[in-house]
Every structure is written in structure tokens, then in C-alpha cells.
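These are my notebook entries on one protein chain.

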Amino acid sequence: MKIRWRLALASALAAAISVIVAIVAAYLITCRRVESALGSYDAWPDRPPTGALAALGDVDDLGWPFLAAALGGLVLSGGLGWIAAYTGLRPVGTLKDAAERVATTRDLTTRIKVGKDDELGSLARSFNTMLDALERSARAQKRLVADASHELRTPLTALRTNVELLIRGGLTPGDRDEISKSVTAGLEELTVLISDVVELARDEEPAALVEDVRIDEVIAREVARASAHWPSASYRVSVQPAVVRGVSDRLSRAVANLLDNAGKYSPPGSAVEVRQVGGVVTVRDHGAGIAPEDLPHVFDRFYRAPRARSRPGSGLGLAIVRQVVDSHRGSVSASAAPGGGTLVRLDLPLHRVDLPVREPDVPLREGV
């Protein structure tokens, strides 16, 4: 049974019972008043009633007026209850129709018009907020798939061409070695690209993996790795003990991408300055810097500045940094550093600062 019918039936029964109780109570009270004023008729059986009492004595049955009043009250209250339930629950029906339309057409642009500031209006606003989030997520997924499919074509085409040349044969040993190296480099580039795309396709951090993370130890560990990977850069590090809430692997990936990006664009022998105070991490390089018109786009997926397109990379490193920081309720920004180079600032919500000062698990060291 629909809720509007249940509400109508409940209101009708309540009204009918109320009418019956009121009429019976009025009847009993009236009888008591008459007996109190005129006395009981049974007290004088030899004296017939006169006047109003004689008229009342001619009434044989008073049950049907009560029955008619009860039934009338039942019908009237039921109709009014149905109208009230229909009017009050009409926004719920609108919400149900919208949900069915979204499920059938997969059109996430559907929205419900909110006309009142009550509980049902709040429910409609919550439904619209949910659709906003779903629409943004679906749009981001479509854009990621479109961008990834476009970026994958180039390395796949190069790999196919080189493999076909190797299969066809007739190459000199030098050409064969060169093409084999190109195939290996292409496979490595493709592997990194696919790994980055998978990383970007991840949703929110699983609650089971969220823990207290020593951000200073994460930086120390990633600086040691980056120093070995980019030996031409000198990493200068300053950290303080601090704890943030998050997923250690994801935070390590974000820090690693910042350090790799700085090492890749730093001139040989220049310094990469890494500083951490509380939940704020800054990475500053002394490279050519980022053009002002490119700064608003450096964290976009697959975006590569014109001067960086000749260098290896997928254009996803900083996009992964922003996704990781956003999923940890933080912020990240890039700006031109004073005196040249780029300064990237990563700000994470600090969880704890009352930590004993101790040596990090991985010793800090500067690259050569």
C-alpha cells in the first residue's frame, strides 16, 4: 500500500474514532444533565411524561444518527487526509521520478527544482548535490579516457613500427641495436604512462589504509631515491618531525613526483631545495622556470609546456600530485621562485607535532 493511502486511512480512522467518542460523550453528558434537572423517569412510573420529555419518549432509536455521523466523519477525514498526504508527498514523488529517469537515461544533468526550505527541500538539495558529484566524476573519467587514448597512440605506433622493422629483418647490426634500444625505451615510456593513468583513475583513499604518516621520513626516503636517480642535482633538505593522516604510498608518490620533476628540470650542478615545516612541503629548483601563461595549467592532466615537450615524460606527474593532495584534504600550488626556477608548495593538514626529535629512518644526504 502506498504511503499516501496509509496516511489517509490512519487519519480517517483517527477522525472517526474521535467523532464517535465525542458524540457518545455528549450523549451521556446530556442524559446525566436531564436526569439531574428533572429526576429519573423510573422514579415516577405512574406519572406519564409531558412536554419535551414526552417528545423524547417518542424517539425509539438514536443509533442511526451516531452511525451516520461516524461514517461521514470517516469519509471526510479520509478525503482530507489523502489530499494532505498527496500534497505533502508530491516532492517525494518528484524525487522518485528523477531517480528513475537518471537510472534509465544515465543523464546526470537532471536536477530537481527546490521550492521550499523544509525537510523535503533539504532532501532535494542533497539529491542535487549527489548528482553534481556524480556528474563531475563521470566527466573526469571520460576526459581521462579520451586523453589517455590520445597519448597512448604515439608510443604504440612507434613500438609497432620498430617491431615490424625488426621482424622484417635485413638490418645491419648497428641499426638492429638502435631499433632494439628504441623498443626498450618505448616499452618503458608506455609502462610509466599506463602506471600514471591507473594512478589517476583511483578513487578516494580506502579508509583501511589511512594511518599516521611521518611526512619528514617520507621526504627523507624519497630524497635518497631521487639523489640516486638524478645524480646531477644536489638535494638540500630541511625537515622537522611531523605527522599527517593519509596513505603512506600515495604521499610518497606525490613527494617523489615533485622531486623527480625538480631534478629533471634542474641544470647540472644546481641545487634542489626541499623544506618541510609541519604539514607544509616546498620544493624549489633553479631551472628555467615555468612561463606565467603555463602556471595555471601545470597540474592539468597530460599538459606539457612547449619548452618541456622535448623531454621524456607523460605530463601526468604533477596531475598525480594534485590528486593525491586533494584526496588528503590538502592543497598544492606552483609559482615562480625569486631569482629564477620554480617553487612548488604542498600543504597537508597536520595531525601531530608533539613528536620527539630523532634521526629519520633513511639518512638525508645531498646528491653529488
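**Entry 1. The chain as a whole**

I noted at the start that this is a predicted model. I looked up the secondary structure and found 8 helices and 8 strands in the chain. Of its 368 residues, 32% are buried. I then checked the accessible surface, which comes to about 22,800 Å². Carbon and sulfur atoms account for 60% of that surface. For the contacts, I took those between residues at least 6 apart in sequence; 69% of them join residues at least 24 apart.

**Entry 2. The nonpolar cores**

Which residues touch the most other members of the largest nonpolar core? I found Ile215, Tyr235, Leu259 and Val321 in that position, in a core of 32 residues. I listed the elements that supply at least two residues each to this core: the helices are helix 6 (215–229), helix 7 and helix 8 (317–327). The strands on that list are strand 4 (271–277), strand 5 (280–284), strand 6 (331–336) and strand 7. Helix 7 gives the largest share of this core, with 6 residues.

Another core, of 7 residues, lies apart from this one, and I noted Leu95, Ile112, Ala124 and Phe127 among its members.

Leaving out its neighbours within four places in sequence, I found Ile215 in contact with Ala242, Val244, Gln276, Gly278, Val281 and Leu348.

**Entry 3. Helix 8**

Is helix 8 largely enclosed or largely open? I found 8 of its 11 residues buried, so helix 8 is largely enclosed by the rest of the structure. The buried residues are Leu318, Ala319, Ile320, Val321, Gln323, Val324, Val325 and Ser327.

Just after helix 8, I came to Arg329, which takes a positive phi of about 60 degrees. I marked this residue because it has that positive phi although it is not a glycine, and it is exposed, with a relative accessible area of 60%. Arg329 is placed in the loop between helix 8 and strand 6.

**Entry 4. The cavities**

I searched for cavities of 30 Å³ or more and counted 2.

The largest cavity has a volume of about 50 Å³. I wrote down its lining as Leu258, Asn261, Ala262, Val283, Asp285, Leu318, Thr342 and Val344. By class, these are 5 nonpolar, 2 polar and 1 charged residues. Helix 7 (248–264) and strand 7 (342–347) each supply at least two residues of this lining. The largest share comes from helix 7, with 3 residues.

The second largest cavity holds about 30 Å³ of space. I found Ile215, Leu251, Ala254, Val255, Val325, Leu346 and Leu348 around it. This lining has 7 nonpolar residues, with no polar and no charged ones. Helix 7 again gives the largest share here, 3 residues.

I went back to Asp285 and Asn261, which are both in the lining of the largest cavity.

Asp285 is in the loop between strand 5 and helix 8. Is Asp285 buried or exposed? With a relative accessible area of 7%, under the 20% cut-off, Asp285 is buried. Not counting residues up to four places away in sequence, I found that Asp285 touches Ala262, Ser266, Ala271, Gly340, Gly341 and Thr342. I also noted its separation from Ser234: 51 residues in sequence and 9.9 Å in space, C-alpha to C-alpha.

Asn261 is in helix 7. At 25% relative accessibility, Asn261 counts as partly exposed. From C-alpha to C-alpha, Asn261 and Val283 are 9.7 Å apart in space, and they are 22 residues apart in sequence.

**Entry 5. His297**

Where is His297 found? I located His297 in the loop between strand 5 and helix 8. Its relative accessibility is 33%, so His297 counts as partly exposed. I recorded that His297 and Ala334 are 37 residues apart in sequence, with 9.9 Å between their C-alpha atoms.

Key: Residues numbered from 1 in each chain as written. Predicted model: local features only at pLDDT ≥ 70, side-chain atom pairs only at ≥ 80, totals over all residues. Heavy atoms only, no water. 1 Å grid on protein atoms, 1.4 Å probe; cavity = no way out; pocket = protein on both sides within 12 Å on 5 of 7 lines; lining within 4 Å. Points joined across faces, edges and corners; volume = space filled by probe spheres on them. Helix = DSSP H or I, 4+ residues; strand = E, 2+ residues; numbered from the N terminus. Nonpolar A, V, L, I, M, F, W, Y, C, P; charged D, E, K, R; others polar. Core = buried A, V, L, I, M, F, W, Y, C linked by side-chain atoms within 4.5 Å. Buried < 20%, exposed > 50% of the residue type's maximum accessible area, 1.4 Å probe, protein only. Contact = heavy atoms within 4.5 Å. Areas by Shrake-Rupley, 256 points an atom, 1.4 Å probe, with all protein chains shown as cover.
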